[in-house]
Amino acid sequence: MITDSRVVLHVGLDDVDSQISGCTTHFTYAVVKELFRHIDCLEFIDYPNLVRLNPSIPFKTRGNAAVALRFEVPYDDVEKVIKIIVDMLEDYTSDLDDKGGSEPGIAVLKGNVPEALNKLYLKALTDYVHVDYLRNVISEVRDLKLPLGITRGVIGALAAIGWIQGEDCTYELIAYRSINNDGGRCVDVNSVREADIKYRDYVFNNYDHEDGKMLITPHGGNPVLLGIRGEDPEIVVKYFRELNICETYSGYIIFRTNQGTDSHLIKRDLSELRPYRTCCVEVALKSKPLQLRGGDVIIKIEDNPPIYAVFYNETSLSSIARKLDMRDELIICGSVKQWSDLTNVINVEKIHINRKVRTYVYNPKCPKCGRRMKSAGLNKGFKCGKCGFKSKEVVKEVANIVENVNKTFITKVGTMKHLTKPQCRYGKEKQCNFIKPINDWIQ
Ligand SMILES: [Zn+2]
């Protein structure tokens, strides 16, 4: 009997990183190529998803990148797909003497994504996922296979599958080197600058025009040649094709991603702050800004128990924080870290100033002609420059001016976290769902 029944598979991958040569997206690139080679009638229902998770978790993989692949295959090929991926993972990590603490996770889900996985995504994005919570989720989800068992990487693998649809998204084209060495990538910086100017309305964080630096190439010995971030898959391919790349590379793949969307910065109350939680909180200063050695600035935002916010100098937010006043109304966004003395401190990524109050001191106005008078010398009162009136009065006018600032300040592009929405993306938010990839999404 001939059956043509097909099934949608969601494959989550995480923590394939190693200190030496690997990374999860590179493994994904190899897996997708291999699946196309061995599975007929393989049809992707979405771009591979590159899903960034909570950046404040300490035992994270580099960059906290988990991946989900979503495709339709003949029902009879499901076991073959799983075997290909598991075998490849063994191969991929076998040449590593030291796995660098990596604990890869693979999750394979058949059919629709259940709400329990959406919730897990949200938790893995904004909080700490305890293994008991993970086990609960796993027990709730049917049609799920974990070929490597419950490893640490399973959290990211399942969270990537559970990435909530209907929210904002961006794209990243990642190209991979054919040689793997520690040396610098050979990409012409001028071609990057020109492409960036040409497509500036549709791309972000690829080139720092202020400091004249390209941001697309990583450093060190990993297989990534470059990554181009943008709003649209066709644009990132065009951008890529205009670059002068002076080394051989193996190819590229386009991911749909939650990068640059602020999805981790959820609104919380001060009382909800715990270590590892991400947040946006309305705060009032409980102390004046205090400058630490090295230029970092710290402010107290809660007395009992004490909570602080820290603005690191390299993020360029310290210069904003230094000028804050106890009467200012603000929202700060970032993630909570526990310092060694157990104090909770928010590492600030964004600061939104709603209103600020500033005190101004003026010389009094001339009672005869209304012009502001000039000082007649220390403790000698004032005199009018227009009509010559002299006053022995030494009291100045004090005015507290409330300014509606309504402005967001963000960490500098070079120090920005993958999830942080840069200034140029404000107003470009879109509602994203699974979308069939364009023809040249992988090469
Ligand atoms: Zn006067």
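The protein chain carries eight helices and 21 strands, where helices (H or I, at least four residues) and strands (E, at least two) are DSSP runs numbered from the N terminus. The model is a predicted one, in which local features need pLDDT of at least 70 and side-chain atom pairs count only at pLDDT 80 or more, while totals for chains, interfaces and linings use all residues. Residues are numbered from 1 along each chain as its sequence is written.

Taken along the principal axes, the C-alpha atoms of the protein chain fill a box of roughly 110 × 50 × 40 Å. Of its 443 residues, 37% count as buried; a residue is buried if 20 or more other C-beta atoms lie within 10 Å of its own, exposed if 12 or fewer, and partly exposed in between, with C-beta atoms placed from the backbone. Among contacts between residues at least 6 apart in sequence, 72% join residues at least 24 apart, a contact being a pair of residues whose C-beta atoms, placed from the backbone, lie within 7 Å.

**Domains**

The domain assignment gives domain 1 (6–161), domain 2 (170–257) and domain 3 (279–356 + 403–420), and such bounds come from an automatic or database domain assignment. The C-alpha centres of domain 1 and domain 3 lie 35 Å apart, and four residues of domain 1 are in contact with five residues of domain 3. On the side of domain 1 that touches domain 3, the residues divide into one nonpolar, two polar and one charged, given that Ala, Val, Leu, Ile, Met, Phe, Trp, Tyr, Cys and Pro count as nonpolar, Asp, Glu, Lys and Arg as charged, and the others, Gly among them, as polar.

**Helices**

Two packed helices are described by the angle between their axes and the distance between the axes. The axes of helix α1 (residues 24–38) and helix α2 (residues 78–94) come within 10 Å and cross at roughly 140 degrees; axes are lines fitted to C-alpha atoms, for helices over the stretch in contact, and angles run from 0 to 180 degrees between N-to-C directions. The helices α1 and α2 are therefore oblique to each other, since angles under 35 degrees count as roughly parallel, over 145 as roughly antiparallel, 65 to 115 as roughly perpendicular and the rest as oblique. In this pair, Phe27, Ala30, Val31, Glu34, Leu35 and His38 of α1 meet Val81, Ile84, Ile85, Met88 and Tyr92 of α2. By class, that contact has nine nonpolar, one polar and one charged residues.

Helix α5 (residues 153–161) is mostly covered, with nine of its nine residues buried. Among the buried residues of α5 are Val154, Ile155, Leu158 and Ile161, and what covers them includes β1 (6–14), β3 (49–52), β4 (65–74), β5 (105–110), α3 (115–126) and α4 (131–140).

**Backbone features**

A cis peptide bond, with omega about -5 degrees, joins Asn304 and Pro305, and Pro305 lies in the loop between β14 (297–302) and β15 (307–311).

| Residue | Phi |
|---|---|
| Asp143 | about 55 degrees |
| Asn406 | about 50 degrees |

Asp143 is placed in the loop between α4 and β6 (144–145), and it counts as partly exposed because it has 13 C-beta neighbours inside 10 Å. Asn406, by contrast, lies in strand β21 (residues 397–410) and counts as exposed, because 9 C-beta neighbours fall inside 10 Å.

How values were computed
Contact = placed C-beta atoms within 7 Å.
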